[in-house]
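Hi,

Here is the structure I promised to pass on. Have a look at it first, and then read my notes below.

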Amino acid sequence: MRALAVLPVVFFHAGFQTFSGGFVGVDIFFVISGYLITTIIISDMEKGAFSLADFYERRARRILPALYIVMFSCLGLAWVSLMPADLKSFAQSLIAVSGFGSNFLFWQAGGYFATAAELAPLLHTWSLAVEEQFYLIFPVFLMLAWGSGRRRTLLMLALVAVASLALAQWAAMNRPGAAFFLLPMRGWELLLGAFAAFHLKAGGREPHAWLGQLGGLLGLLLIVFAVLAFDKQTPFPGLYALVPTVGSVLILLFAGPQTLVGRLLGSQLLVGVGLISYSTYLWHQPLLAFAKHRYLSELDTTVSGVLIAASVALGYLTWRFVEAPFRDRRRFGRRRIVGYSLAGSAFFILVGSYWNFQDGYKGHYYDTLSEQQKGRAQLIAAHTAYDMYDFMFDDGDCRFWGRTMTPELERRFGACAKRYGKAVLVFGDSHAMNLYNVMAKARVSPFVVGVSQGYCRIDTDKSFCKFGELRGFLRRHAMEVKVAVYHQTGNSMLHNEKGDAFPPEKFNGRTPLRINVGQIDKVFGYLGRDGVPLRFVWVGPWAEAQVSSREILFRQAKMNGISLAAFKELDRAIARGSRTSGVEYFSLVDAFASSEYSLWNKDCLIFKDLNHLSRCGEDFMAAAIADDFWAAVIGGGALPGGSGRIDTVPEELP
């Protein structure tokens with residue numbers, strides 16, 4: 001089962017789209033861990049021999065030696081391959097991992113599926129942090145509850161598990177980052193494994209042969225379905241996470257050695273992979289992340305395959321020469337294990353703290369660059385290292401923004417309507433946050449309101465976006481809104497040939513991109529729906545840079561040509577759809593263009609990351625787009641042919 005857990009995770013991180021739901025391997029690990037640890041604790045308690053000191057010693061033997069070897073190996077790779085901002089983030093992760101708090105760090109850093117997260121060498125340690133936090137609480141609870149009887153203990157655990165699952169479902173729809181990384185939303189998965197352990201330790205009856213075959217096969221099919229059918233857009237880990245976790249429990253309970261699934265999972269090959277699964281898991285993410293930094297782009301299939309093979313090879317060597325020896329109490333007694341554990345944690349905390357204090361050795365790094373690269377690096381640092389939510393435009397009057405239309409925002413809206421009449425309202429995802437800032441800075445109206453946040457697109461089902469509530473607001477205030485402007489990123493409407501959204505290989509030419517017409521139709525369906533007597537406008541996506549900071553630093557500062565071509569085609573497809581929808585569409589690909597699509601303009605790096613505008617990029621767009629474009633968007637007049645296009649002359653690269 002460990003092999004069944006680790007392989008999907010590795011292939012998922014390596015970018016193999018067949019394993020689009022491979023991240024559920026971690027959920028399988030949680031169930032296995034809950035099962036094994038609970039079995040050990042119950043066995044010791046039944047003998048009256050359970051000791052917290054022994055328990056945590058076993059955890060240290062199991063987790064820390066291999067983890068420290070991998071972390072130590074990462075130090076040199078980080079030093080030679082990471083830019084200062086990345087090195088500083090890596091330093092912070094060293095500290096967090098040493099204190100088993102990396103899940104909190106990566107939660108705050110932007111989410112598991114964010115592009116920046118994929119480049120974090122120690123991202124995968126979040127799951128170790130969740131487990132260790134669970135095991136700080138769980139054994140103590142069992143010790144205290146054991147005397148009240150097995151039934152009461154199970155009842156209390158069941159209540160906790162149900163509450164945890166309910167919280168996970170709510171958070172998956174409303175706080176997806178917290179849902180993915182934090183123990184309160186993950187605890188129920190470990191408890192599922194614990195319930196399986198309680199059942200089997202209580203002498204659960206051997207299932208009939210046909211029931212064992214059916215249960216084991218169903219469990220395997222549930223896991224395979226999750227691995228192949230889920231993707232980054234699946235709300236997780238709420239009710240959807242029941243699919244792989246219940247599948248894991250079914251295998252634990254039914255797939256005995258006499259069943260087909262039991263014999264499959266008991267094969268020598270899978271057992272061998274399972275033995276080295278922990279060390280393989282530890283190695284795969286650093287190798288993939290550092291390679292992505294080295295190649296300045298997503299990895300092709302050959303490189304990914306080589307790195308997977310290297311992960312397995314290093315996993316075997318680490319298991320053979322690190323894991324196995326440190327589990328031998330005769331070779332390493334408790335005092336040595338405790339001493340090594342404390343020394344290792346102290347070492348990585350000190351190194352991480354010093355590198356963080358040195359700001360990722362920015363000065364040393366700049367000394368290795370050419371003069372031209374130094375200028376670029378300074379501009380990259382100035383225009384990329386910030387959170388968009390901290391820089392939303394608010395003039396203190398009637399140009400303001402909020403994530404959703406809250407009662408407080410609605411009261412402010414009402415007051416401004418009395419002063420200025422009708423509003424321009426901008427709504428959508430994080431790109432709409434950019435567009436609101438652009439329109440507010442361009443002073444298209446004294447009354448501009450933004451209601452937008454990350455991932456809030458009509459073509460995705462996110463309950464925290466509250467598009468239904470926004471429609472209700474617009475219905476109530478239709479006479480106070482001049483135009484409702486919708487905007488979203490276009491990359492969610494570009495799929496690979498299999499129909500998978502956000503393919504890692506996009507914009508590199510290896511896999512043809514396809515336009516998802518169904519998603520375009522969903523947007524037009526929402527905007528063109530009857531019932532709200534006001535004018536809806538879709539301001540289309542801009543062509544995205546799709547160029548990393550390292551590419552800009554070491555190669556060129558021009559837009560990804562494949563991205564530019566893809567967004568021009570997408571723009572034409574949306575424009576065609578608008579002719580039959582009754583919704584007006586305005587092209588930003590036409591209105592905001594550069595003759596060479598340089599990413600620089602004077603002292604401004606126009607894009608903050610692969611696809612969002614920087615703060616000065618917003619200023620640049622606000623100044624570059626002609627007034628008659630905004631007049632057409634807001635006033636409903638036709639955009640004069642070609643007059644909305646502003647060609648900017650790219651500056652010489654600094």
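Threonine 318 sits in helix H16, which covers residues 301–327. Keep in mind that this is a predicted model. With a relative accessibility of 5%, threonine 318 counts as buried, because the cut-off for buried is under 20%. Leaving out residues up to four places away in sequence, threonine 318 touches Ala66, Ser279, Trp283 and Glu323.

On the H3 side, the contact is made by Arg61, Arg62, Pro65, Ala66 and Ile69. H16 brings Thr318, Val322, Glu323, Phe326 and Arg327 to that contact. Sorted by type, the residues of the contact of H3 with H16 are five nonpolar, one polar and four charged.

Is phenylalanine 332 buried or exposed? Its relative accessible area is 12%, so phenylalanine 332 is buried. Not counting residues up to four places away in sequence, phenylalanine 332 touches Arg61, Pro325, Phe326, Ile337 and Tyr340. Two of those names, Arg61 and Phe326, also turn up in the contact of H3 with H16. If you want a sense of distance, the C-alpha atoms of phenylalanine 332 and lysine 482 are separated by 74 Å, and these residues are 150 apart along the chain.

Now on to leucine 470, which is in helix H22 (residues 467–476). Leucine 470 is buried too, with a relative accessible area of 4%. Its contacts, apart from neighbours within four places in sequence, are with Leu425 and Phe427. The C-alpha atoms of leucine 470 and methionine 405 are separated by 6.6 Å, although the two residues are 65 apart along the chain.

Phe427 comes up again in the largest nonpolar core, which has 99 residues. Which residues touch the most other members of that core? They are Phe427, Leu474, Leu527 and Trp538. Leucine 474 itself touches Leu425, Val481, Ala484, Val532, Leu534 and Phe536, again not counting residues up to four places away in sequence. Apart from this core lies another one, of 74 residues, and Phe30, Ala171, Leu191 and Ala194 are among them.

Then there is helix H28 (residues 627–635), where the buried residues are Phe629, Trp630, Ala632, Val633 and Ile634. What covers these buried residues? The cover includes the strands E2 (423–428), E4 (481–487), E7 (536–539) and E8 (584–586), along with H21 and helix H26 (588–591).

H21 (residues 430–441) also packs against helix H27 (residues 615–624), at an angle of about 50 degrees and with the axes 8 Å apart. H21 and H27 are therefore oblique to each other, and H21 passes H27 in a right-handed crossing. From H21, Asn434, Asn437, Val438 and Lys441 take part, and they meet Arg615, Glu618, Asp619, Met621 and Ala622 in H27. By type, this contact of H21 with H27 divides into three nonpolar, two polar and four charged residues.

Cheers

Methods. Residues are numbered from 1 along each chain as its sequence is written. This is a predicted model: local features need pLDDT of at least 70, side-chain atom pairs count only at pLDDT 80 or more; totals for chains, interfaces and linings use all residues. Side-chain values use heavy atoms; hydrogens and water are left out. Axes are lines fitted to C-alpha atoms, for helices over the stretch in contact, and angles run from 0 to 180 degrees between N-to-C directions. Helices (H or I, at least four residues) and strands (E, at least two) are DSSP runs, numbered from the N terminus. Angles under 35 degrees count as roughly parallel, over 145 as roughly antiparallel, 65 to 115 as roughly perpendicular and the rest as oblique. A crossing is left-handed if the near helix is turned anticlockwise from the far one by less than a right angle, and right-handed if clockwise. Contact means heavy atoms within 4.5 Å. Ala, Val, Leu, Ile, Met, Phe, Trp, Tyr, Cys and Pro count as nonpolar, Asp, Glu, Lys and Arg as charged, and the others, Gly among them, as polar. Buried means under 20% relative accessible area, exposed over 50%, partly exposed in between (1.4 Å probe, protein chains only). A nonpolar core is a set of buried Ala, Val, Leu, Ile, Met, Phe, Trp, Tyr and Cys residues joined through side-chain atoms within 4.5 Å.
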